[in-house]
Every structure is written in structure tokens, then in C-alpha cells.
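Here is a colleague's note to read with the model open beside you. Take the points in order and find each place as you go.

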Amino acid sequence: MFKPLALVAAVLTAFSVNAFAAKTELTVYTALEAEQLKSYKQAFEKANPDVEIKWVRDSTGIITAKLLAEKARPQADAVWGLAASSLAILDQQGMLQSYAPQDLAKIGPNYRDAANPPAWVGMDVWAATICFNTLEAEKQGLTKPVSWQDLTKPEYKGKIVMPNPASSGTGFLDVSAWLQTFGEKQGWAYMDALHQNIGQYVHSGSKPCKLAAAGEFPIGIPFEYPAVQLKRQGAPLDIILPKEGLGWEIEATAVIKGTPHEAAAKKLADFSASPAAMELYKENFAVLAQPGIAKPQTELPADYEQRLIKNDFAWASKNRDAILTEWRKRYDGKSEKVAQ
Amino acid sequence: MAAHMALPLTGKQSAQVPLGDRIFVLGGKLFLLLLLGVAVLMPLLAIFWRGFSAEGGQGGGWVAARELVTSDNFHWLVGNSLNVSLSVAAIVVPLAYLFAYALQRTLIPGKRIWRGLSLLPLMAPSMLPGIALVYLFGNQGVLRGLVADNIYGFWGIVLGEAIYTFPHALMILLSALSLADARLFDAASSMGASPFKAFRSITWPGTRQAVFAAFCLVFTLTITDFGVPVVVGGDYQVLALEAYKAVVGQQQFGRGALIGMVLLLPALFSFGVDAWLRRQHGDAMSGRAQVFKPLSSKGRDGCYLAIVLLICAALLLVFGMAVYSSLVKFWPYNLSLSLNHYQFSDTAGGGWLAYRNSVTMALCTALIGSAVIFTGAYLMEKTNGQKRLNLALRMLSFVPMAVPGLVLGLGYVFFFNLPGNPLHVFYGTMTLLVVCTIAHYLTTAHMTATTALRQLDSEFEAAALSLKAPLYRHYWRVTLPICLPALLDIVRYLFVSAMTTVSAAIFLYSPDTILAAVAVLNMDDAGNVGGAAAMSTLILFTSAGVSLLLAWASRGVLRRSQAWRQGAPAQ
């Protein structure tokens, strides 16, 4: 039979691949968008020919959960591209190796861990936006919202999708930003009203915009990267930056404590904070950890960076459990069916 | 055949069991116990340990458990899960029974085609029916106009799960209905019993245990699946999804573990009832049975054909829609066809590497798994002695059915990562994925094997014993050939399950061992529904292709070794 033979062949191939691997294999956990991985990996390996990146990519929630589950025996050597609030949790668990990359001085003071040397160093910024499907809006007679408050209007009943903060980094960022912008009491009142219009809570930060682009639900609350990408692909979308300000989060890099490949992991941290890496990030993001390199994205308004709210990460990280518990109590598991 | 010469046996034989058999029986059982211990029990204990340790605010511990169980939210989730699972089981089991009856006990044309079509849902990840339902009945669905509300919610989950679990129930019922003693039906008709009476007094008693088993299987599969709810559940939430969210979104391993323990209850319940039914149930098929052949009946066959056609049409619609959607450029605004979604290199999930890994994993799982499981089931069913060992093995074999793959996967993470565990070297490897997948799908395969084996009279073993033939030779020469159809079903089942599994694997893969079905979930989660549909379609075609190949390759063997079922040729 050919199947056992194929099996043997597969096993042999696996061994021979290992036999040829003379480079350091660096296992890097990431929540970067999949289409970014290739160019980032190529650029890093070109600068560091003796190191080869092995990606483990998943959404923010899964990667964070995976890292925590493996706490006793970390599998990752480094993390490149994960929410700073997640890295802060890992840091509290003592899982990160503090390290000052060569270009640390060039990194903006808001975009790195405050400790010295820092446990994590930022790469770029992502922020909450609204995706608005213009074709469906016309068909269903919807007016264009310009603020977060607008989203509570009765005309949007059942037409909005947002990420569930319990599973999505972007969802948590939305909720923590509303609580900071509106104040705790009004923040929850706002979400009570918004909840009446939510058609669905989903589990990723980019899905709301993809659902909006496909017209499945005309309005999505994603982060800006998928919105820009989909608009470039010709989706019938308006990207709206609500006037009250945008919640945002830092994408960051860290070295895992106790990795057997510490030298290579530090090379990665060096590269991630370098101007060369910033050149890569700027293709995808409008705000970078090193000031002065970013170029404005034509799909986004020029004052994008000014619209970011003053975000208190320490507060958000510390209150994460309490916020999520409250959110779940209010919106996650009401016994009456939510309006569709 | 030896079985025809079965002699009445008296006295005890256990004293003179030959050494080869002792090694075969006891060694086999101990090996199985060790395997089940490492692959099922220890990871589960790790979950319990995690669920009841209050460490690090991860939602575990006794206080958290009491809080969870008394909260309104939890009651709501339990209610939803029960609602959905009972509805699905109530819909699926009768339909599957009719379908199985049509295939085994009537003369409808095209049986092989219907059987093949009915297996479609087994061949794709559980997300696929959900994805297809969105394209059919979602807000932009092609059939949206036919329904009052969009698909998200209760009916979405019920429909998706019904499609997903249908072949699972069908497998058990087909196996139970495959063997029948024609003499009983002859006697019934010569006594003037109506076909309905014959059904009630012959067919039903012979199959009700399988009906119960199918009901339990559908119920537990539904209550523990999160693939369908994650896609079409909307805000109608269920326990399995809650466990997924607790672990993935909130890093609340303890909470996930606690809900996982709640989801264990249905399995414990079905084990109890199954054990009770076993005591009520005699052997359905003796060594002297004549194979039942249905008589022709136009009216009956017409009715059954209509039912079968309806079910197959629904399945074809759903799966056709999924394949079609994978080819559409930009739903719903640009319906031109392209292969863009199949260019995985730029999207999440590892693309073609994931696909190759899945094939390798599925091959290993099918070959190793079926050998281990079938032999294990044989040893449990057909050997006396070691009563306690048998009971332990039987209980362990039932457990995986109720363990959500996600919880099993997490158990593996906790157990194999324990400091000082020498098995840690397997972490992240293909070996562990294979072991985990076999463990995850053990119950259905085991139940199929057991159902087939229970229909064989123990006279066969008695005859072998009286002829002083070693048991292992009897197993190899008599039992395996008789049960070949069931065994091939197990091989096929394990292969396609391994191709489609996602829930356990999501915590166990490493960059080298990412799987195709994990890629589907990743892509769907990221909103790349077209890519998810494309990868699902690939999985679907691979599973279907391998199944067809298996069926074709085995037909010759089957024809030869199963000749006895077609009536007794002169020997």
C-alpha cells in the first residue's frame, strides 16, 4: 500500500529538514495580521541571517491564553506584535525578560513599558473606528453616524456588530475607552443604550469591519487596519473616526524569560525597535512608536493621531477583570433574546 | 465456518488459558489502560486540579464554583444548551433512524449514493454548516426572503448542529440495523403479524439500545461543540462557547475547567443508562442466524425514497452553497467566480502547510487509532475475567465523548507541561496531536465497534475455545473479517474526524504542526469567511476522496469476507 510508504516518506522528510537546520530557530508568538507576517519575517531574517523565525499566530485572546497556559514551560522565545495590555499581564506573572533594545532612546516615552529596562517595547498603535457600508445604508435608508453617541439612535437597531471584550483585544479597548471618555457611570449607560442596537458581538477585532464590508451588518466597530485594507480592496465602506475620540492600544514586542535562545530573541527585540522595522510598520499603521517616521494614510483623516484619547493603560490592565465581569453581567447572557 | 460447529460448553475454562492468550488479553488491556490513563484520565485530572485550585484569579476554586453554579447567567446558559441539544437530538435521531432503516431494510434504488451523501457533514469542520447557513439565510443570504428572521441564534445553532451530528447518529443506527435474523421475520409473517407488529417486536427491541446511544451521542456532541455556535449563534449563547470564551478571551482557565466539568455530566448519565440497558439486552444475532433480506414493496420504498431524497437534497444545498461561496470573489457585491480564496499564503493560518499537516495527522490517527480501538473493544466485550479492569476501561472509553475538545486540549496543555513530566518531549508534536485526536474521538469509534461486536454471539468465542484455537487467532481470522464493515467505518471516521477537528488541536499545535481545520477557525474568526469556506472545501474534498478510495479498495475484500451475509453458499 502506498499510505504507509507516504507516511515513512513524511517522517523522513521531517527528520531531514531538522538535519539541515543550522540556524537558530526562534519561536515567535504573534497576534499580527496574517498578511503582515511574510514581509516582517523576511526583513528580520535578512538583517539576521543566522536566525529563523517560526511564527505562532492567533488572535490576541488566544495567544495570551496560550502563553499563560504554558507559563510553567514557555514554548515561545519571544513575542512580536501583541497588545501591550496583554504583555502587562504576562509581566505581572513574571514571564517577561526586561531588555533595553539598542534604539530604545528613539522610542516615544508613551510607547514602552515605564520600567527600566522595559519589559515590553511598542511598535505601533491601533485604534477603534467605525466601518459604515454605504451601499447598504442607501438601501436601508440609514444616516451616517459621526460620533459614538450617534450609534445609540433607534434607526440602527440590530445593525451594529462589535467585538466581545471578553474574547477580543479590540473589544476590550472599546469598552475601556468609553469608560474613560464618558466616565464610569455614563460609560455604562452608553453601553446599555448601544446594546439595544447591537446585532451581534463577535470574537475578533477585524471581523466587524469584514461583516460590514459584506453588508451582513451595515455598521461594524473594528480597529482601523482591516478598515483601511478593505477600503483599498474596493469595499463600499466609509471609515468613520467618532468625534469623542478613539480608544487605542499599543502593539509591542517582548522577550520571554528563560528562553534558551535569549541572544536571538534580543536580536528580535533590537530589530523590532529599529528604524528599519518602523519602515515596515508604517505601511500598515499611521502611528508608530518612533515619532517622525509615520506617513499619513490616505484612507484616514490627517488628524488621526490627535483623535486618540488619553489612555490609562495601568488603569485598564488593573481593572480588566472587574470591567469584564460587569460587562458580562449586563450584556452577556440576558435571558431575553437580543433584538436582531 | 467454525461457528457453525459451536458446541455447548460446560465447566470453567479459565484455568487452562494458554500463555499467548493471556498476553493478548491481559497485556492488551493493561496497555489500553495505560494509554487511556495518559491520554484521557491524566489530562482530565489536570483540568479538575485546575478547576478547583483558586490560584491567580483564573476563575477556579470552590468559591468560584459556587458562584458560577448559582448565577443567573449560568442557569441561562444551561437552559440554552439543554434546549439546543434536546432539540437537535429530537430532530436528528428519528431522521437518522428513518434514513438508516431505508438503507438497511428497504429496496430503494441508489443506496450507495444516499449513503455517501449522508456522510458529507462528517467530512468538513463543524464551522462549515454554519458558514453555509450564513450564506443561505444570513442578512445577505440567497434564501433570506424565505424566513422571517435572520439565521443567527437558536435556529441557526439547531440547524447547523443537526447537519453536523446527523452522520454521527446515522453510523450507530446503520450498524445496529445492518444485522437482522430473517428467521424471526419469517416466523412473524407466518403467524400473521403485520409489518408494524414485526417492527415493534423484532426490530425495535434489537435497535433501541442503539437509538439511545445515538440520542446520547447527538446530545453530547451538540452540547460540547462550539464550532457552530461561534459562527451562527449570534447572541444565543451556550455552555461550550462560554468555556471557549472563558479560556480564550479571559484567560480564565479555572472557569473553563469548571464549565468543562459540568459538560461531563451527560456522559456520566449515558454511561449509567447504557450499563443498565446492557443488562436488559440479549445477543441479537446468534451464530445460526439467517441474513434478513427485505421483500419488495412499492409503497414502502416510495415513502422511504422520498424521505431519503429530501434529506440528501438539504445536505447537498448546504454543502453546495459552501463550495460555491468559496469561489465567489466578493460576497455579495461581486459574484464572479475565482480561486482567490484558495491562495492561502497571504492569510491567517499557515495555508498549505496546515493542509499537509492535517493529511499526515489524519493518516496516523486512522491507522493507529482503529487498530487500538477495535482491539480494545474486542477485549472488553468478548473476554471474561478482569471484571474490574473491564469496567474501568469501559468507563474511560465513555469519558471522551463528553469532554469538549477545547477542555481536553487544555488538559493536555496543563498535563504535558507539568514541571518534571517526562512526557513533555511530546508537547507540540504531531505525536501528541494524534494521541489527542484518537482520545477525543474514541467514544464513537468504540461504540461502533462495540455495537458491531455485541451483535456477534459469544458462541463464536466459545467455539474457538473448545477447538483450542488461540483467542488472538480467532480474533484475527473470524471476528475481524465478520466486523470488517464496522472496522472500515471506524478507519474512515477517524480519518475524517482528524481532518476536521479543531477544538482540541487549537491549544496543541506548534508552528510546524498547525492544522487545516484550525486555519478555518482562525480565518472565520478574523472575518475571512471566503478563505474559511475555501479551506473547508479542501478538507471536504480530501475527506470525501479518501473515503471513496477506502470504499473502492475495500470492496473486493469486503465481497469475499462478507459472502456469508448474503445467504449461506454450500461449503
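**Notes on the two chains**

1. Start inside chain A: 17 residues of domain 1 of chain A are in contact with 15 residues of domain 2 of chain A. Two residues are in contact if their C-beta atoms, placed from the backbone, lie within 7 Å. α3 (60-69), α4 (84-92) and β11 (248-256) of chain A each give two or more residues to the domain 1 side. α4(A) has the largest share, five residues. That side divides into seven nonpolar, seven polar and three charged residues. Here Ala, Val, Leu, Ile, Met, Phe, Trp, Tyr, Cys and Pro count as nonpolar, Asp, Glu, Lys and Arg as charged, and the others, Gly among them, as polar.

2. Now the ground rules. This is a predicted model, where local features need pLDDT of at least 70, side-chain atom pairs count only at pLDDT 80 or more, and totals for chains, interfaces and linings use all residues. Residues are numbered from 1 along each chain as its sequence is written, while chains are lettered from A and ligands numbered from 1 in the order in which they are written.

3. Where do the domains of chain A run? Domain 1 covers 14-125 + 248-300, and domain 2 covers 129-245 + 310-331. These bounds come from an automatic or database domain assignment. The two centres, taken over C-alpha atoms, are 27 Å apart.

4. Next, the two chains together. In all, 47 residues of chain B are in contact with 47 residues of chain A. On the chain B side, α3 (72-105), α10 (239-248), α14 (351-382), α16 (405-416) and α22 (516-525) each supply at least two residues. The chain B side holds 20 nonpolar, 22 polar and five charged residues.

5. Chain B itself has 23 helices and two strands. Helices (H or I, at least four residues) and strands (E, at least two) are DSSP runs, numbered from the N terminus. Of the 571 residues in chain B, 53% are buried. A residue is buried if 20 or more other C-beta atoms lie within 10 Å of its own, exposed if 12 or fewer, and partly exposed in between; these C-beta atoms are placed from the backbone. Take the chain B contacts between residues at least 6 apart in sequence: 82% join residues at least 24 apart.

6. Which residues touch the most other members of the largest nonpolar core? They are A:A78 and B:L173, in a core of 289 residues. A nonpolar core is a set of buried Ala, Val, Leu, Ile, Met, Phe, Trp, Tyr and Cys residues joined through C-beta atoms within 7 Å. Helix α6 (residues 154-178) of chain B gives the most to this core, 15 residues. Domain 1 and domain 2 of chain A both give residues to this core, so it lies between them. Leaving aside neighbours within four places in sequence, B:L173 is in contact with B:A96, B:Y97, B:A100, B:A210 and B:A214.

7. Look at α5 (residues 127-137) of chain B. Its 11 residues are buried, 11 of 11, so α5(B) is largely enclosed by the rest of the structure. The axes of α5(B) and α13 (residues 298-327) of chain B come within 8 Å and cross at roughly 80°. Axes are lines fitted to C-alpha atoms, for helices over the stretch in contact, and angles run from 0 to 180 degrees between N-to-C directions. That makes α5(B) roughly perpendicular to α13(B). Angles under 35 degrees count as roughly parallel, over 145 as roughly antiparallel, 65 to 115 as roughly perpendicular and the rest as oblique. Among the residues that meet are B:L128 and B:I131 in α5(B), and B:F319 and B:M321 in α13(B). This contact has 10 nonpolar residues, one polar and no charged.

8. B:P125 sits in the loop between α4 (111-118) and α5 of chain B. It has 29 C-beta neighbours inside 10 Å, so B:P125 counts as buried. B:P125 and B:T537 are 412 residues apart in sequence, yet 9.5 Å apart in space, C-alpha to C-alpha.

9. Finally, B:G28 in helix α1 (residues 19-52) of chain B. Is B:G28 buried or partly exposed? B:G28 is partly exposed, with 19 other C-beta atoms within 10 Å. Not counting residues up to four places away in sequence, B:G28 touches B:T375 and B:L379.
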